[in-house]
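Subject: Structure handover

Hello,

Here is the structure we talked about. Please open it next to this message and follow along.

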Amino acid sequence: MKRSVINTGIDWAIDTCKRFHCALPDFAYWPPEQWEEKKASTGYMRKVALGWDVTDYDTGDFQKVGAVLFTLRNGEVDRPEAGTVYCEKYIVMKAGQLLPCHFHYFKTEDIINRAGGTLRVYVWNSTPESDGYQKDLKSDVHLMCDGQEVTIPAGGYVDIKAGNSITLTPYIYHSFVAVQEDGDLVVGEVSRVNDDAADNHFNPSVNLPPVAEDEPARHQLCGGYKQ
């Protein structure tokens, strides 16, 4: 993914959050140089990967597949029950944009439509590890939406309007779409401690190549802090 696309994507996400009155903390606006200046006081932030992330999931088409993510708070993966025991994110999506199908081994997450259009969430159960964690194309998915029990057929979806949410437990495959005709979205995620390096299982698998440095970075990515 090109650095220029990452820079532009984060600029757009900041503007979108402002447009929808979703306030960001001060460190969302720090350039890489400010992160470096504050290195002595930001060790915990770097350890738990607070800040921006951008991906097109190696599709080369960020307008259709991908998202801009911002982690506001998180705990320690190696000590998930100590200190901050949860994670909170914003996921900022362009109208029509898709997040590919995946599940989590560890975390349960509430996915909340904070502002904007409609979030469409497709769901499947997973088959066991012995069967390669395939998408179960037959069994119904039982989950909760704002505390209410919901049953969805395999591959079916739930439309989440602004203010509403869906709870996704481990091994439930899910894919998100910002419904095109309803506009851009700011999605919230509240979950157990987050570990993007080890807790995401994509189907089909996704390999993320290094950033193509076609221009200087205007924003620091949470995976790119200088240790």
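Below is what was found in this model, which is a predicted one.

Start with helix H1 (3–19). H1 has 17 residues, and the distance from its first C-alpha to its last is 24 Å, close to the 24 Å expected at 1.5 Å a residue. Its buried residues include Ile6, Ile10, Trp12, Ala13 and Ile14. The buried residues of H1 pack against E1, E2, E3 and strand E13 (185–192). After H1 comes His21, with a positive phi near 60 degrees.

In soluble globular proteins, nonpolar side chains tend to be buried together. The largest nonpolar core here has 27 residues, and the members that touch the most others are Ile10, Leu24, Trp52, Val54 and Val68. At least two residues of this core come from each of helix H1, strand E1 (51–55), strand E2 (67–73) and strand E3 (86–93). H1 gives the most, with six residues. If neighbours within four places in sequence are left aside, Ile10 is in contact with Trp52, Val54, Val68, His219 and Leu221. There is also a second, separate core of 25 residues, with Val65, Leu143, Val158 and Ile160 among them.

Then the salt bridges, of which the count is 14. One of them joins Asp11 to Arg218, with the closest N and O atoms 2.6 Å apart. This pair links distant parts of the chain, since Asp11 is in helix H1 and Arg218 is in the segment after E14, 207 residues apart. Asp11 counts as partly exposed because its relative accessibility is 27%. Arg218 is also partly exposed, at 38%.

Glu76 takes part in another two bridges: with Lys47 (2.8 Å, N to O) and with Arg79 (3.0 Å, N to O). Glu76 lies in the loop between E2 and E3, and Lys47 in helix H3 (residues 43–47). Is Glu76 buried or exposed? Its relative accessible area is 9%, so Glu76 is buried, the cut-off being under 20%. Lys47, at 52% relative accessibility, counts as exposed, and Arg79, at 45%, is partly exposed.

Last, the surface. Tyr105, Phe106 and Tyr171 make a nonpolar patch of about 240 Å². Tyr105 sits in the loop between strand E4 (98–104) and strand E5 (109–116), and is partly exposed at 31%. Asn207, in the segment after strand E14 (200–202), is exposed because its relative accessibility is 59%.

Regards

Definitions and conventions: Residues are numbered from 1 along each chain as its sequence is written. This is a predicted model: local features need pLDDT of at least 70, side-chain atom pairs count only at pLDDT 80 or more; totals for chains, interfaces and linings use all residues. Side-chain values use heavy atoms; hydrogens and water are left out. Patches are made of residues with over 30% relative accessible area and no salt bridge: like charges are joined within 9 Å, nonpolar side chains (Val, Leu, Ile, Met, Phe, Trp, Tyr) within 5 Å. Accessible areas come from the Shrake-Rupley method with a 1.4 Å probe; for residues, only the protein chains shown count as cover. A salt bridge is a side-chain nitrogen of Lys or Arg within 4 Å of a carboxyl oxygen of Asp or Glu. Helices (H or I, at least four residues) and strands (E, at least two) are DSSP runs, numbered from the N terminus. Buried means under 20% relative accessible area, exposed over 50%, partly exposed in between (1.4 Å probe, protein chains only). A nonpolar core is a set of buried Ala, Val, Leu, Ile, Met, Phe, Trp, Tyr and Cys residues joined through side-chain atoms within 4.5 Å. Contact means heavy atoms within 4.5 Å. The expected span of a helix is 1.5 Å times one less than its number of residues.
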